[in-house]
Number of protein chains: 2
Amino acid sequence: MFVSAIAFTEGSPKVQQIVEAFSQAIETGEWAPGSKLPSVRELSETLGVSKFTLNEALDRLRGRNLLTSSQGRGYFVAMDTARAVSSTWVDLLPQDLLSVLRRPLVTVNGDLRPGSGHLPEEWLNSEAIRQAMRSAVRAPSLRIAGLGTPAGLLPLRQALQQKLHTEGLSVPVEQIITTPNTVQGLDMLMRLLARPGDTVLLDAPCYFNFHANLALHGVKVVTLERRPEGFDFTALEQLLADHRPSLYLTTSVLQNPTGHSFSPGQAFRLLQLTQQYHCHIIEDDLYGDLHPNPPPRLAALAGLDHVTYLSGFSKTLSANTRVSYVVAAPQLAANLTNMKLMSGGVTSELFEQIVYRMLSEGSYARHRKRMVQRLIEAGGRVEQWLKRCGCELSMPYEGGMFIWARLPAGVDGEQLAQEALKQGMVLAPGALFGYDPAHRDSMRFNVAHSDEPRVQQVFDALLEVAKVSPTKNAY
Amino acid sequence: MFVSAIAFTEGSPKVQQIVEAFSQAIETGEWAPGSKLPSVRELSETLGVSKFTLNEALDRLRGRNLLTSSQGRGYFVAMDTARAVSSTWVDLLPQDLLSVLRRPLVTVNGDLRPGSGHLPEEWLNSEAIRQAMRSAVRAPSLRIAGLGTPAGLLPLRQALQQKLHTEGLSVPVEQIITTPNTVQGLDMLMRLLARPGDTVLLDAPCYFNFHANLALHGVKVVTLERRPEGFDFTALEQLLADHRPSLYLTTSVLQNPTGHSFSPGQAFRLLQLTQQYHCHIIEDDLYGDLHPNPPPRLAALAGLDHVTYLSGFSKTLSANTRVSYVVAAPQLAANLTNMKLMSGGVTSELFEQIVYRMLSEGSYARHRKRMVQRLIEAGGRVEQWLKRCGCELSMPYEGGMFIWARLPAGVDGEQLAQEALKQGMVLAPGALFGYDPAHRDSMRFNVAHSDEPRVQQVFDALLEVAKVSPTKNAY
């Protein structure tokens, strides 16, 4: 075993840095299970730390079951190195190019945002939202002191129950639980439905935060390509049989980034197979309300014993009004309410009041109708523009916020995005949406943001440069 | 090995129920490591499930490293049963009496709430809050579409920087990160600072959600009695030496439920010892602003390499304006920002704007001054009342929201709380704040809610009944 010196940094105790370095060496298999560590004296010399510090670190590693010790014989790497939780999420910290490109998607404001995951400010009905905020703030029923109702404000949940009913999902209000946002809803569901070591199936490509969040839960991730025809169902069955995922996390309608919606037939086959292999589905329906004529949701087809449903208003009303919701089987709904209390996930009553007002007074329905129509029109124009640029769409645009297009041959999406950033334009290259090299030549376009002459001019110019000077890609 | 039938319930797949039942039997040690399971045929008969269902469950258990199998020899309980993550939080689900009593603390509204953890609605400056909300909603700078700034709204963090500076904690704004609430801030810090199997030190008694949240992280919890003299420091040193906790989570000023604040001398000794044993501190300072003359915070004394600081406005402004904040060493602050993105923890900009306005316009400072004075006056009266009732205080009331008092001999706090609930009064019996029987004879009183003739009348009457009919306690 080779123990190298550690480049200690300021800001965290040396003990912790030793623990992290040794943990990594063990978990990556760099140090073989069962192998003997050098003596404490040797180690403290190599690392330049006191024996006290070193012993402290070794004690912690024993506490994590990464080391064993035997009186008088020293320390050994534990035999069972299939640690339940690995710290893989640390790998996702923003050191890499992808993070550099991903960050502006959620932070930078500006005009040129064809890569954005949100609608432009002026597309949202901000006057109606401000109006609902004002009337919620004025209402004497608003409780300033309270934390909010653990399961969620009842009138809002009743309004959601009505909305769900029109979408074919009829459930008692007790099974509708609000969450502060959709990612946090997913995070709490994962804590309840998954255990470290479980396997979870994701679409390839998919929303990048799905990968990031799953990494927090120490689960294994398997992916399958999401295509216009849904899945290669033979491949899906093989994957279910081989990997036995306990969960499938998916966006059923207007998927991010592909814009694909499972047709009724695709959904049926998918549900049949996942039921057969006892693979529970978490259905994210964040974009469904943007579809002109949404197909039936998975939860409406197969019921809540097989599908847990998750939706919210961050894309259709405002990411600032933090109201999402989960629809789940009775016990899971009760557990989720407890999880909200235990993890700080209770939703603000002020926001619940705002969304409740917009749902019950009809302004949400009117706003939604306008948005859907406007998207359809913009999407048609953007589709034509992309084709003129030499981009290829895997399927015709059918509504919603996103078009997923293959760039002209030889153009590298990440490099294009880097160049674009220099001109203040935010793009969403395919590599952001999964670790599959197959997505590297594609790009997600937000049709609302892309339907702008200035965006198209800047993009066209960048593309011309990229076409004539084929890239030397580091990957 | 004895495998009993499982009482299957509706609402979750049988496979999952088998996995949970078997996991529990293994994790509790009911099934010994290395022992052989009955054959698949026998098991499927005992449980009344198909072999397919059973094999699916056994596969999952193998995936969790709880079972091993050997071709032709059947299934065995894995040898290494020191599983990194146990599902202990499931034990905290509300089946028990404590949960029945705990629930109304966060849900029920009503007049008689001496057990409440919040100030009464009319104590909060709701007019100033509504005013700040209105002006935030009116402001054109409010971005409806955006998610908010990952680290938190900069002007708010600058205002917090100034506030912290006056409290002796001078830090760059980059190290101040907002979180939606304090429990979620803690939850994210635990994800970053702890690993399953680590040991965490808590005060006994302490805020019940500390226990609940730590259980989510699979850490071992050790507790030490928090006393008027701080700690028994000999016992603390022994505990640090024996259990090597990597973290100590505490409320340094006006602790919930005891109302105790570490004096400068106690804080110094505590910091010295925890530094010596490399035990990092998470300092919760949710109540410090209610102290008339707060002693120095641990973070201000020992710095952010040893202490991570956590505070918020849920007790002083409104639980509905979800703004808390963490002050941390540079790398931890950066990691926390990423954790916010990955787990849905980005704070709403609307709420950040509201708190920013109240801090920068001075209305928070004025409100705080009034609250502190009003608490001192109410606390003095409640202290006298409790003494008249025959309750004993371990130390004189010195400010803040809570008095922790020992009930008259023979009175059972939980039974008293149950009786009180029947009359619409919410009490907070000692058992809620830890699992130590020593706290069973104490009770937490919210001085603002208790300074009411009606509350005192109902409590006096209940106490008289409890004194004359000593309880048969089931515990």
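Biologist: Which residues in helix 5 of chain A meet helix 5 of chain B?

Modeller: On the chain A side they are R130(A), M133(A), R134(A), V137(A) and R138(A), and they meet R130(B), M133(B), R134(B), V137(B) and R138(B). Contact here means heavy atoms within 4.5 Å. Before we go on: this is a predicted model, where local features need pLDDT of at least 70, side-chain atom pairs count only at pLDDT 80 or more, and totals for chains, interfaces and linings use all residues. Residues are numbered from 1 along each chain as its sequence is written, chains are lettered from A and ligands numbered from 1 in the order in which they are written, and side-chain values use heavy atoms, with hydrogens and water left out.

Biologist: Why are helix 5 of chain A and helix 5 of chain B called roughly antiparallel?

Modeller: Their axes cross at roughly 175 degrees and come within 10 Å. The labels go by angle: under 35 degrees is roughly parallel, over 145 roughly antiparallel, 65 to 115 roughly perpendicular, and the rest oblique. So these two helices are roughly antiparallel to each other. Axes are lines fitted to C-alpha atoms, for helices over the stretch in contact, with angles from 0 to 180 degrees between N-to-C directions. Helices themselves are DSSP runs (H or I, at least four residues), strands are too (E, at least two), and both are numbered from the N terminus.

Biologist: What classes of residue make up that contact of helix 5 with helix 5?

Modeller: Four nonpolar, no polar and six charged. Ala, Val, Leu, Ile, Met, Phe, Trp, Tyr, Cys and Pro count as nonpolar, Asp, Glu, Lys and Arg as charged, and the others, Gly among them, as polar.

Biologist: What makes helix 12 of chain A roughly perpendicular to helix 7 of chain B?

Modeller: Helix 12 (residues 330-343) of chain A and helix 7 (residues 182-193) of chain B pack at about 85 degrees, their axes 7 Å apart. That angle makes the pair roughly perpendicular. L341(A), M342(A) and S343(A) meet V183(B), Q184(B) and D187(B) there.

Biologist: How do you know that R368(A) forms a salt bridge with E167(A)?

Modeller: The closest N and O atoms are 4.0 Å apart, and the rule asks for a side-chain nitrogen of Lys or Arg within 4 Å of a carboxyl oxygen of Asp or Glu. R368(A) is in helix 14 and E167(A) in the loop between helix 6 and strand 3, 201 residues apart. Over all chains, the count comes to 39 salt bridges.

Biologist: Which residues joined by a cis peptide bond have an omega of about -5 degrees?

Modeller: A204(B) and P205(B). P205(B) sits in the loop between strand 4 and helix 8 of chain B. Another cis peptide bond joins N256(B) and P257(B), with omega about 10 degrees.
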